[in-house]
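Please read them with the structure open.

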Amino acid sequence: MGILSGNPKDEPMHYGEIFSVWQASTVAKGAISCYQAYLNHSGDKELKKILEALIDQAELEIKECDTLLTDNGIASAPMMPERPPVKLEDIPVGARFTDAEIAAKIASDASLELVACSQVMGQSVREDIGALFAKYHLTKTALGLKILQLSKEKGWLIPPPLQVKRPESINA
């Protein structure tokens with residue numbers, strides 16, 4: 001098999017893998033900055049715990065993706081400056097994100113991240129990269145479920161139109 005046999009870590013990354021790993025690292029760096037701001041805006045303790053878990057996950061992804069890039073001689077995007085903590089009361093009411101808005105945004109992010117992880121898994125030739133993004137996919141699935149459950153509990157979820165009455169079956 002030649003160059004693509006043996007230990008996957010010794011195999012070269014193809015351009016799609018390089019871009020996907022670089023992009024995942026860059027998106028995670030942006031997510032940390034955004035979620036730190038959301039922490040300042042959130043008043044709900046459970047939502048804050050989910051935001052902290054999302055930040056922890058993003059930090060792990062940055063570490064693993066940047067290591068993968070560095071080991072393959074590729075520079076990663078720089079980290080954004082850390083946001084200082086701010087008291088919720090110091091943010092003017094009209095400038096604050098509500099907990100419902102934050103929950104909707106992080107739910108949307110989780111959904112998009114699942115698709116991105118699936119895409120990387122599908123395009124990867126290196127088994128270690130596919131497995132890494134399968135791990136991220138699993139974690140993001142669990143976090144997305146927590147966001148959904150919290151949104152339902154708190155009444156933040158705005159469901160799409162629901163089919164309450166189903167049409168009668170016609171037996172032909």
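1. Ser169 is exposed, because its relative accessible area is 67% and the cut-off for that class is over 50%. This residue belongs to the segment after α4. Between the C-alpha atoms of Ser169 and Glu127 there are 48 Å in space, with 42 residues separating the two in sequence. Like every value in this note, these come from a predicted model.

2. On the overall fold, the protein contains 4 helices and 0 strands. The order along the sequence is α-α-α-α. The helices are α1 (15-41), α2 (45-71), α3 (99-123) and α4 (127-154).

3. On dimensions, the radius of gyration is 20 Å, whereas a compact globule of 172 residues would have a value near 16 Å. The C-alpha trace spans about 65 × 60 × 20 Å along the principal axes. Of contacts between residues at least 6 apart in sequence, 78% join residues at least 24 apart.

4. The accessible surface is about 11,000 Å², and carbon and sulfur atoms hold 61% of that.

5. Which residues have the most contacts inside the largest nonpolar core? They are Tyr35, Leu47, Leu51, Leu54 and Ile106, in a core of 21 residues. Each of α1, α2, α3 and α4 supplies at least two residues of this core. The most come from α2, which gives 7. Leaving aside residues up to four places away in sequence, Leu54 touches Tyr35, Ile106, Leu143 and Ile147. A separate core of 12 residues lies apart from this one, and its members include Met13, Leu69, Val120 and Ile129. In soluble globular proteins, nonpolar side chains tend to be buried together.

6. Ile129 is counted as buried because its relative accessibility is 0%, and the cut-off is under 20%. Beyond residues up to four places away in sequence, Ile129 touches Met13, Glu17, Val21, Leu68, Val120 and Ser124. Two of these, Met13 and Val120, are also named among the members of the 12-residue core. From Ile129 to Leu145 the C-alpha distance is 24 Å, for 16 residues of sequence.

7. Is Asp99 buried or exposed? With a relative accessible area of 18%, Asp99 is buried, since the class takes values under 20%. Asp99 lies in helix α3. Not counting residues up to four places away in sequence, Asp99 touches His41, Ser42, Gly43, Asp44, Leu47 and Trp156. One of these contacts, Leu47, is listed among the residues with the most contacts inside the largest nonpolar core. Asp99 and Tyr15 are 84 residues apart along the chain, and 39 Å separates their C-alpha atoms.

8. Glu89 sits in the loop between α2 and α3. Its relative accessibility is 62%, so Glu89 counts as exposed. The C-alpha atoms of Glu89 and Asn40 are 9.6 Å apart in space, while the two residues are 49 apart in sequence.

Definitions and conventions
Residues numbered from 1 in each chain as written. Predicted model: local features only at pLDDT ≥ 70, side-chain atom pairs only at ≥ 80, totals over all residues. Heavy atoms only, no water. Rg over C-alpha atoms; globule rule 2.2 N^0.38 Å. Contact = heavy atoms within 4.5 Å. Areas by Shrake-Rupley, 256 points an atom, 1.4 Å probe, with all protein chains shown as cover. Core = buried A, V, L, I, M, F, W, Y, C linked by side-chain atoms within 4.5 Å. Buried < 20%, exposed > 50% of the residue type's maximum accessible area, 1.4 Å probe, protein only.
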